[in-house]
Amino acid sequence: MTTSQTQASLMSVGAASECRSRNDRQTYFSITRSLVQAQFKLDDRELSRRLWQEVADRDLEVGRIINLMYGCWFHQNEDEMLEVDNRHLALFVD
């Protein structure tokens, strides 16, 4: 494999990883918004229970979701959610 082929292969792996990361983040944002709606706006215990069960079934990080739930004022604001999530994730890098 030539150097350019190796670099192209690495870039495609990096691009795939970035795509997975974006999809993963959207999963967290979506479930967080659903939980905020169920728990804070609707006060629906059964829906909340089902959503938390989905979190468990999908093996999502509970701490990350709780951080998004309580760290944002406006959960429909993508930029705010992104900022709060980035700060949370930065705690675990290094």
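Mentor: Start with aspartate 59, which sits in the loop between α2 and α3. This is a predicted model, so keep the confidence scores in view as we go. The phi of aspartate 59 is near 55 degrees, a positive value in a residue other than glycine. Most residues other than glycine have a negative phi. Is aspartate 59 buried or exposed? Aspartate 59 counts as exposed because its relative accessible area is 67%, and the cut-off for exposed is over 50%.

Now look at another loop, the one between α1 and α2. Aspartate 43 is found there. Its phi is near 50 degrees, again a positive value in a residue other than glycine. Aspartate 43 has a relative accessible area of 61%, so aspartate 43 is exposed.

Next, step back to the whole chain. The protein chain has 4 helices and 0 strands. From the N terminus on, the order is α-α-α-α. Helix α1 covers residues 3-41. Helix α2 spans 45-57, and helix α3 takes in residues 62-71. Helix α4 runs over 78-90.

How far can you trust the coordinates? The average pLDDT of the protein chain is 87, and 74% of the residues score at least 70. Among the elements, α2 has the highest mean pLDDT, 98, while α1 has the lowest, 77. Where pLDDT is low, the predicted coordinates should not be read in detail.

Now go inside. Of the 94 residues in the protein chain, 26% count as buried. The largest nonpolar core holds 15 residues. Within this core, Ile31, Leu35, Val55, Leu60, Ile65 and Leu68 touch the most other members. Elements giving two or more residues to the core are α1, α2, α3 and α4. Helix α1 gives the most, with 6 residues. In soluble globular proteins, nonpolar side chains tend to be buried together.

For the chain as a whole, consider contacts between residues at least 6 apart in sequence: 56% of them join residues at least 24 apart.

Serine 30 lies in helix α1. Serine 30 and glutamine 76 are 46 residues apart in sequence, yet their C-alpha atoms are 9.7 Å apart in space. Serine 30 counts as partly exposed because its relative accessibility is 40%.

The protein chain exposes about 6,700 Å², and carbon and sulfur atoms supply 53% of that. Phe40, Val62, Ile66 and Tyr70 make a nonpolar surface patch of about 400 Å². Helix α3 supplies the largest share of the patch, 3 residues. Tyrosine 70 belongs to helix α3. With 59% relative accessibility, tyrosine 70 counts as exposed.

Notes. Residues numbered from 1 in each chain as written. Predicted model: local features only at pLDDT ≥ 70, side-chain atom pairs only at ≥ 80, totals over all residues. Heavy atoms only, no water. Patch = residues over 30% accessible without salt bridge, like charges linked within 9 Å, V, L, I, M, F, W, Y side chains within 5 Å. Areas by Shrake-Rupley, 256 points an atom, 1.4 Å probe, with all protein chains shown as cover. Salt bridge = Lys/Arg side-chain N within 4 Å of Asp/Glu carboxyl O. Buried < 20%, exposed > 50% of the residue type's maximum accessible area, 1.4 Å probe, protein only. Core = buried A, V, L, I, M, F, W, Y, C linked by side-chain atoms within 4.5 Å. pLDDT = per-residue confidence, 0-100. Contact = heavy atoms within 4.5 Å.
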